[in-house]
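Subject: Handover of a structure

Dear colleague,

Please find the structure below.

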Amino acid sequence: MSHHVEPDAVGYPPVASGRTLWAWCTYCAGFLLFAVVLTSLSREFGGDRDVGDMPIVAVVGLLVVAGLGFAVLLPGLIRRSEKSILGSRILLLVVMSGLAARLICMTSEPVLENDYYRYLWDGAVVAAGYNPYEHSPRDIIRDGETGPLGRLANEGEETLSRIGHKSLTTIYPPFVQLLFAVANVIQPWSLVAWRSVLLVLDVVSLFLLIKLLDLTGRSRVWAALYWLNPLVLKEGFNSAHMEPALIPLVLGAMFLAATARNTASTVVLALAAGIKLWPAALAPLIWRPLVGSPFILALNAIVFSSLMVFWVAPLLLSAPLESAGLKAYAEGWSTNSALSPALEKSIKWLLTVASIDTVEANVLARFLVTGVLCGLALLLAMREWRSLDDLIRRVSVFVMALVLLSPAQYPWYALWLAPLLVFWPHRAFLFLSATLPLYYLSFHFAARDAHDVFTSVVVWVIWCPVWMMIAYGILMDRLPAGIENRRVKNAMRV
């Protein structure tokens, strides 16, 4: 006698949904294991350890394997689960696993990172009522207890002594300084307190991603592409970079713009620029629907510009220009890039051929990249966006270009793109989670006086696969079969 198995509400047999749930359990268990192993290995990266004795290769190997698993397995698993009757259980599993992994990393030792010392110091300065842009750490250490920040210098001596680039004033805008101060109020000089602030903001990001997925008609399970991203875990909660504080503001600005709350969207976007300055380039795109309302557009522009002046002026005016962190970053910061050195060499060769010696190649290269990005931002805003999907796609294109063209290409900069991959999971940028951790090999080679191996070989291994995948995608779209496939996919979405 045969038994008929009733399909679930969307046409999938229950056994198929059960297997999918077990696949999710396996992936989430692997993600939690990754968090445990990373936290365990991080104990070997204390501030008193010699870099040459640190297990850098082991950590890089762990990050690369986790990134490959993420890029290869997770998108397919999500697609299998989009219409599953067990979607709510899967989402709960994803949320709890991602949260548990973040909590596991709360007490880990930051691996090969020291930016958080500047965050903790700035937070203490702001909480004490001082201007964080007025004095560089070098000046404060030189003045000692007799200086204007003598008490803080004594209390936070260890933090102050470990800040990087001591000759420069802080580069971080005023709004994020308030978040540093909040962490200091929770517990002075505490990395766990700062991570707690980031965790709260990251939970807000997850909530906004789910709301945006609902608005675009996608399954909420796609949020896993951000919440279970190993690069987000490493850079946001092991290294404790500030990117999780930026993400909810960018998402919030898009959500508000898509729901026609234009002035609120402008203010939230300006707050995002108060953490990192680059979201300011998204203003023309956010304002595009206001072109037919000149008065409202002008009001939004005034509000935004006023906040931008408030963010930038202290960075440039509170300290001597030669010690301003923002100026130093804009003029000379370059790391982990294959494109930027190649561009500078090409420009230098052209200047030599043209017998021009009044312009420095690196300055001209930065002006060129800035011009390309500004031009792209304006081009993306030329045509009015008609849907939230359209807006997210255009923001994604700009952020992808920013990540690819920036002279400084730190792994944590890819977190700007991580939440957008939820809506546009471009394969090339998914694989950045596997290739960007190779950046940490720079410390391994530098400790062995072989940093040239990194700059001449490893950076190309990091970025060439991305450019090749992008080129392949463009080529396939240009071919007749690729165009027809794209039309079929678009028709299926509709």
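Helix α4 and helix α8 (residues 174-186) pack at an angle of about 85 degrees, and their axes lie 7 Å apart. Helices here are DSSP runs of H or I with at least four residues, strands are runs of E with at least two, and both are numbered from the N terminus. Axes are lines fitted to C-alpha atoms, for helices over the stretch in contact, and angles run from 0 to 180 degrees between N-to-C directions. The two helices α4 and α8 are therefore roughly perpendicular to each other. In these terms, angles under 35 degrees count as roughly parallel, over 145 as roughly antiparallel, 65 to 115 as roughly perpendicular and the rest as oblique.

On the α4 side, the contact is made by Tyr119, Asp122, Gly123, Ala124, Val126 and Ala127, and on the α8 side by Gln177, Phe180, Ala181 and Asn184. Contact means heavy atoms within 4.5 Å. By class, the residues of this contact are six nonpolar, three polar and one charged. Ala, Val, Leu, Ile, Met, Phe, Trp, Tyr, Cys and Pro count as nonpolar, Asp, Glu, Lys and Arg as charged, and the others, Gly among them, as polar.

Please note that this is a predicted model, in which local features need pLDDT of at least 70 and side-chain atom pairs count only at pLDDT 80 or more, while totals for chains, interfaces and linings use all residues. Residues are numbered from 1 along each chain as its sequence is written, and side-chain values use heavy atoms, with hydrogens and water left out.

The chain averages a pLDDT (the predictor's confidence in each residue, from 0 to 100) of 88, and 91% of the residues score at least 70. Over residues 1-12 the pLDDT is below 50, and this stretch has 14 contacts in the model beyond near neighbours in sequence.

Arg195, Leu198, Leu199 and Asp202 of α9 meet Gly236, Phe237 and Asn238 of α11. This contact of α9 with α11 has three nonpolar, two polar and two charged residues.

The largest nonpolar core has 154 residues, of which Trp24, Trp194, Leu228, Phe398 and Phe429 touch the most other members. Such a core is a set of buried Ala, Val, Leu, Ile, Met, Phe, Trp, Tyr and Cys residues joined through side-chain atoms within 4.5 Å. Helix α9 (residues 191-216) supplies the largest share of this core, 13 residues. Leaving aside neighbours within four places in sequence, Trp194 is in contact with residues including Tyr119, Phe180 and Met242.

Two residues other than glycine have a positive phi. Leu112, with phi near 55 degrees, is in the loop between α3 (87-104) and α4 (115-127). Ala260, at about 65 degrees, is in the loop between α12 (243-258) and α13 (262-273). Are these residues buried or exposed? Leu112 is buried, with a relative accessible area of 13%, whereas Ala260 is exposed at 58%. Buried means under 20% relative accessible area, exposed over 50%, and partly exposed in between (1.4 Å probe, protein chains only).

Finally, Ser136, in the loop between α4 and α5 (137-143), is buried at 1%.

Yours sincerely
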